[in-house]
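Subject: Structure handover

Hello,

Here is the structure for you to take over. My notes on it follow below.

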Amino acid sequence: MNGLKNTRILLAPLDWGLGHATRCIPIIRYLQELGCEVVLATDGAAAKLLQQEFPGIEVKQLRGYNIQYGKGSSLFLNMLQQLPSIFRSIRYEQQWLQTLLQTEPFDFIISDNRPGFYSSAVPSVYITHQLLIHSGKGKWLNRMLQQLHTGYIKKFNAVWVPDTAGHPHLAGELSHPAKQLVQPVYLGLLSRMQPVAVAMHNDLLILLSGPEPQRSILETQLVQSLKNFHGKAVLVRGLPNEAALLKVPASVTVHTHLPAQELQEIICASKLVICRSGYTSLMDLVYLQKKAVLIPTIGQPEQEYLAQQMQTLQLFPLLKQKEASIELALNIAETFNYQYPFHANSFEQYKPVIAKQLELLVAKR
């Protein structure tokens with residue numbers, strides 16, 4: 001691993017929520033431990049979050065995809081309307097990267113779900129847990145999207161999948177499709193969290209995340225039902241760039257955003273967590289072995305599939321957003337038989353895998 005010292009790595013997370021940025025945190029930490037210099041290509045909330053975790057880290061301003069969600073339930077139609085913009089963003093990030101590489105040297109490129117962020121001149125890897133994409137419109141479209149996605153993946157030197165290689169695997173058929181079109185490298189599970197021994201002084205923790213307007217819709221719904229909750233609750237809004245106040249009962253503590261260390265302490269100190277079923281959040285909860293109730297984002301087939309997968313694995317129960325309330329979430333959690341089939345070593349597998357991959361790919365230059 002000594003050959004990796006001073007290796008310069010450019011890392012770009014997708015701006016589709018904050019999950020892509022947060023799951024890169026353990027990777028960035030480990031790369032820095034190896035002596036690598038990590039430079040980020042991102043902007044907005046993701047840039048602010050990562051700069052909080054890594055003060056002084058260099059950030060190249062690369063604009064995001066700026067995916068917009070409607071209030072309706074059809075993500076498919078929403079994404080169909082935005083396809084031209086998405087393809088423009090992919091072309092833009094490819095051109096942006098090639099321009100940067102003309103003036104700055106990098107030894108390695110890591111793209112978390114940004115399909116255009118690769119170079120034929122620099123070893124490039126792609127991180128995704130979605131080797132199969134759930135469209136919500138049937139297997140034929142899932143297969144078509146898998147082929148389209150694979151076309152981009154094959155432009156990279158390798159694809160890293162944050163999931164276990166064997167059973168059980170957290171992402172189900174998303175990370176282990178029935179028909180593999182690429183040869184993935186499984187990293188094991190990733191979490192920026194570390195279990196800490198603290199007293200359980202919060203009855204409830206609400207973690208909000210994801211794109212608007214659904215984040216705000218769920219927030220309004222849950223804050224309204226907090227009026228009838230008599231325990232001690234914490235609400236983390238998932239808004240790194242927001243400073244606006246929120247009117248809540250006196251027993252509720254509100255944070256717009258928390259860095260990883262403070263967030264993990266609050267999670268560990270909470271008896272129950274209510275949150276979305278984003279993949280990064282699931283990995284964090286599994287690692288901390290917390291009880292949670294999942295509310296998938298309306299119109300996001302991936303989150304709906306993952307929530308159902310978690311319930312099947314007896315990890316976490318799900319609750320539909322339209323019927324979500326604090327009272328119902330508490331009742332569901334009370335009767336759910338929580339299981340913990342994953343072990344701590346599942347969250348350490350990425351280190352030797354990444355070190356070996358980096359050495360092999362950089363050696364080929």
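How many bridges join strand 2 to strand 3? Three, and the two strands run parallel. Within that pairing, T42 has Q61 of strand 3 as its bridge partner. Please keep in mind that this is a predicted model.

Now follow the order from strand 2 onwards. Strand 2 covers residues 37-42, and five of its six residues are buried, so the rest of the structure largely encloses it. It pairs with strand 1 in the parallel sense, over four bridges. L10 has V39 as its bridge partner in strand 2.

L10 also has a bridge partner in strand 4, namely I109. Strand 1 (residues 8-13) and strand 4 run parallel and are joined by five bridges.

Strand 4 then pairs with strand 5 (residues 124-127), again in the parallel sense, through four bridges. Here S111 is opposite Y126 of strand 5.

Strand 5 and strand 6 (residues 158-161) run parallel too, with three bridges between them. I127 faces W160 of strand 6 across this pairing.

**Strand 4 in detail**

**Helix 2**

Helix 2 spans residues 25-33. Its buried residues are I25, P26, I27, I28, Y30 and L31. G35 follows the helix, with a positive phi near 95°.

**Domains**

The protein chain is divided into two parts. Domain 1 is 8-189 + 346-363, and domain 2 is 202-340. Their centres, taken over C-alpha atoms, are 25 Å apart. How many residues are in contact between them? On the domain 1 side there are 35, and on the domain 2 side 28.

S281 sits in helix 8 (residues 279-288). It is partly exposed, with a relative accessible area of 24%.

**Cavity**

A search of the whole structure gives one cavity of 30 Å³ or more. The space in this largest cavity is about 30 Å³. Which residues line it? They are L131, Q146, T150, I153, Q180, L181 and V182. Four of the lining residues are nonpolar, three are polar and none is charged.

That is what I have for the handover.

Best wishes

Key
Residues numbered from 1 in each chain as written. Predicted model: local features only at pLDDT ≥ 70, side-chain atom pairs only at ≥ 80, totals over all residues. Heavy atoms only, no water. Pairing = 2+ DSSP bridges. 1 Å grid on protein atoms, 1.4 Å probe; cavity = no way out; pocket = protein on both sides within 12 Å on 5 of 7 lines; lining within 4 Å. Points joined across faces, edges and corners; volume = space filled by probe spheres on them. Nonpolar A, V, L, I, M, F, W, Y, C, P; charged D, E, K, R; others polar. Domains from an automatic or database assignment. Contact = heavy atoms within 4.5 Å. Buried < 20%, exposed > 50% of the residue type's maximum accessible area, 1.4 Å probe, protein only.
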